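Hi everyone, thanks for having me. Today I'd like to walk you through one structure, strand by strand. Please have a look at it first.

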Amino acid sequence: MAKVVGKQAAMNILVGLLTVGLLLASVGIVRASGVGLPSTYLPKLSSYLQIRYTDSSQSSEDRFALRRFKVMLDGGPSDKLHYHFQLIYKANNGSRTDYSIFLQDAELIYPLGYGLSFKIG
């Protein structure tokens with residue numbers, strides 16, 4: 001994993017990603033209602049988070065931590081070219097990589113047919 005930004009910039013980017021996610025979700029709702037963009041190649045935004053609780057019997061203090069927050073963006077301009085990006089953020093884990101956003105995965109995918117594809121990333 002490569003470090004992309006520092007703590008304050010990470011928070012700004014996280015807020016930006018959440019805002020973009022809400023905007024994309026609203027575009028998806030508009031498209032589902034029959035109004036909006038006709039393109040079938042809109043990016044798909046997905047995410048999940050995992051929270052950890054540490055009990056005081058296991059460490060010096062009780063604490064909640066954001067174990068991981070992942071954001072994945074998948075899409076492509078055509079049937080013959082796709083992309084996949086995955087970012088990860090974590091906080092309050094007692095790690096030197098806390099409060100930073102990392103690019104964990106990035107791929108360009110070219111389907112060849114018959115279940116085969118060419119991937120770069």
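Let's start in the middle: the largest nonpolar core has six residues, L66, F69, V71, Y89, A91 and I101. A nonpolar core here is a set of buried Ala, Val, Leu, Ile, Met, Phe, Trp, Tyr and Cys residues joined through side-chain atoms within 4.5 Å. Buried means under 20% relative accessible area, exposed means over 50%, and partly exposed is in between, with a 1.4 Å probe and protein chains only. Two or more residues of this core come from each of the elements β3 (63-78) and β4, and β3 gives the most, with three. As a general point, nonpolar side chains in soluble globular proteins tend to be buried together.

A quick word on where this comes from. This is a predicted model, where local features need pLDDT of at least 70 and side-chain atom pairs count only at pLDDT 80 or more, while totals for chains, interfaces and linings use all residues. Residues are numbered from 1 along each chain as its sequence is written, and side-chain values use heavy atoms, leaving out hydrogens and water.

Now the strands, which are DSSP runs of E with at least two residues, numbered from the N terminus. Two of them pair if DSSP finds at least two bridges between them. Strand β2 (residues 44-54) runs antiparallel to β3, and 11 bridges join them; there, R52 stands opposite A65 in β3. On to β3 and β4: they are antiparallel too, joined by nine bridges, and they form a hairpin with two residues between them. G75 has Y83 in β4 as its bridge partner.

Next, which residue sits in the loop between β4 (81-91) and β5? That is N93, and N93 is buried, with a relative accessible area of 13%. A polar atom of the N93 side chain lies 2.9 Å from the backbone oxygen of L66, and one lies 3.3 Å from the backbone oxygen of A91. Remember L66 and A91? Both belong to the core we began with.

Finally, β5 (residues 101-113) pairs with β6 in the antiparallel sense over five bridges, and I109 stands opposite K119 in β6. In this hairpin, with two residues between the strands, Y114 takes a positive phi near 55°. Is β6 (residues 116-120) well covered or hardly covered? Hardly: among its five residues, the count of buried ones is zero.

Conventions: Helix = DSSP H or I, 4+ residues; strand = E, 2+ residues; numbered from the N terminus. Polar contact = N/O pair within 3.5 Å; in protein donor to acceptor, adjacent residues only side chain to side chain.
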